[in-house]
Amino acid sequence: MKKNISAVLGLSWGDEGKGKIVDALAHEFDMVMRFNGGGNAGHTIVLGETTFKLHHIPAGIFSPNVTNIIGRKCVVDFFDIIEEITQLKNNGVEISPHNLMLSYDSQVVLPYHKQMDALREKMRGNGKVGTTGRGIGPAYADLISRVGITLGDIANNSFKEKLANEVRVFNAIAREFQEVEISLSELEAHISSLRHSITPFITDSYSFLRKNIAAGKKLLLEGAQGALLDAYFGTRPFVSSSLACIHGALLDLGLAFQDIAETIGVTKLYNTRVGNGAFPTEFHDEQLRSVIQGRGKEFGATTGRARRCGWLDLPTLKVVSSVNNVSAFAITKVDVLDTLDEIQICDSFVSLSDDEDIPYYPGSDEYFAGVLPRYKKFAGWKSATAGAVKKEQLPSDLVSILHFIEKETTVPIKFISTGAKREELIRVEP
Ligand code: GDP
Ligand code: IMO
Ligand code: MG
């Protein structure tokens, strides 16, 4: 039987506007839980004149009476999350253990993970992933290797022996590669001096969630990254290290597909990617790229890097939506395309090597690099949609494109986002 659980997922390579959608919906829920990733995420929320960039903290934090949970399979940077909480509080956001919970079992990210992330990238040379440098890969390696420190270890003050082991291993590697070694005593003292500020937030989130789900409370699952950056399903090896598909949330909470009432898949009306890897529909036209980058402010919320931009890719969107059981789309940033003469949407792929149709998502970077996109072309609407709040305000040329996406994917569009602000959102009535 379906429970009161919904999910917001990114369907591409991240930065689809998940944060905005979660923030806009959060007041309808009792709990919002981030279920994957860590400080690599950058979710932007624009409230009035203030722009917030969230890295660890769920986007329900701005909604009163919502309990925000950082899930067990997130990795949490000990120093950065303290800073994130402090900055939000300094900007007037109320944060206490009543509205923010961290999970005992979450793996902790420490400075040596970031150093290791950088070292791995350096060793890869031209084949580097282009990570955010937030130590995500090494921290998830700890999780899978069953080593490292959890938030529970910090809450119980039982982290010291494990820390000593990790620093020993790291320093041996650092010596081998002439990298700066970590001082165990300094790091231990630094953690000890700050642990009191985060310990009250650390709890058994699993039991909390199970009890509240059983009691019929409403839960919104917030994905970080996007399906194409999923460690298993994405365009490997140019992916992140967590399960960004719905499966990550299901496994964490012990839920089945049929427990989820609604899965909202978020995609821009175009596509972007930060970091390296194949991007078949990427713009080759410099001018087009700079228009979209400029109008869409396509610069990474975490690293400030320029995002690569391209057309929407329906063959991939179809597969990603089906794998994640997406029940509705939120299409974001339609306003960014307001000035274009022509809009293209990739509706099929053929193989570069033999010109055969590829009717599936190619499944890894190597295969993705071997496809040639075919496009359907649409007339641009050439009028302002920015800030529209009703579907009737949208030009017919845009509505035709939205219908085409619905027809091709068989997924209904429930939300259309027309600006960065919370209220710049159209809710399409069925
Ligand atoms: P997330 O990581 O999926 O939460 O997305 P990001 O916050 O990294 O990137 C999305 C960017 O687009 C942010 O700068 C948002 O403020 C902005 N944004 C979200 N929705 C819209 C929209 O509909 N129109 C415009 N112009 N900007 C939007
Ligand atoms: P949100 O939640 C966009 C990308 C990085 C790199 C790859 C691996 O804001 O959508 P990592 O640091 O995770 O090991 O980097 O994944 N990446 C993101 N790109 N948005 C994100 O998060 C991302 N998180 C990771 O650019 O290509
Ligand atoms: Mg982002």
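User: In this predicted model, into which classes do the residues of the shell around ligand 1 divide, and how many are charged?
Analyst: The model is a predicted one. The shell around ligand 1 holds three nonpolar and eight polar residues. The remaining class in that shell is the charged one, and its count is seven.

User: How many residues surround ligand 1, and which are the closest?
Analyst: Ligand 1 is surrounded by 18 residues. The closest of these are Lys18, Gly42, Thr44, Asp335 and Ser417.

User: Which residue places a polar side-chain atom 2.8 Å from a nitrogen atom of ligand 1?
Analyst: Backbone atoms also approach this ligand: an oxygen atom of ligand 1 is 3.1 Å from a polar backbone atom of glutamate 16, and an oxygen atom of ligand 1 is 2.8 Å from a polar backbone atom of glycine 17. The contact asked about involves a nitrogen atom of ligand 1 and a side chain, and the residue is aspartate 335.

User: What percentage of the area of ligand 1 does the protein bury?
Analyst: Polar contacts to ligand 1 include the one from the side chain of aspartate 335, at 2.8 Å. Taken alone, ligand 1 exposes 580 Å², and the share of this that the protein buries is 93%.

User: Which residue has a polar side-chain atom 2.6 Å from an oxygen atom of ligand 2?
Analyst: Of the 21 residues around ligand 2, those that come nearest are Lys18, His43, Thr132, Gln225 and Ser240. A polar backbone atom of glutamine 225 is 2.8 Å from an oxygen atom of ligand 2, and a side-chain N or O atom of arginine 305 is 3.0 Å from an oxygen atom of this ligand. The 2.6 Å distance belongs to lysine 18.

User: How many residues of the shell around ligand 2 are polar?
Analyst: The shell around ligand 2 contains eight nonpolar and three charged residues. Its polar residues number ten.

User: Which residues does a cis peptide bond join?
Analyst: Most peptide bonds are trans. Here omega is about 5 degrees, and proline 237, one partner in the bond, is in the loop between β10 (219-222) and α9 (246-253). The cis bond joins arginine 236 and proline 237.

User: Where is glutamine 178, and what is its phi?
Analyst: Most residues other than glycine have a negative phi. Glutamine 178 lies in the loop between α6 (160-176) and α7 (184-198). Although it is not a glycine, glutamine 178 has a positive phi of about 55 degrees.

How values were computed
Residues are numbered from 1 along each chain as its sequence is written. Chains are lettered from A and ligands numbered from 1 in the order in which they are written. This is a predicted model: local features need pLDDT of at least 70, side-chain atom pairs count only at pLDDT 80 or more; totals for chains, interfaces and linings use all residues. Side-chain values use heavy atoms; hydrogens and water are left out. A residue is near a molecule or strand if one of its heavy atoms lies within 4 Å of it. A polar contact is a pair of N or O atoms within 3.5 Å; within protein, one must be able to donate a hydrogen and the other to accept it, and residues adjacent in sequence count only if both atoms are side-chain atoms. Accessible areas come from the Shrake-Rupley method with a 1.4 Å probe; for residues, only the protein chains shown count as cover. Ala, Val, Leu, Ile, Met, Phe, Trp, Tyr, Cys and Pro count as nonpolar, Asp, Glu, Lys and Arg as charged, and the others, Gly among them, as polar. Helices (H or I, at least four residues) and strands (E, at least two) are DSSP runs, numbered from the N terminus.
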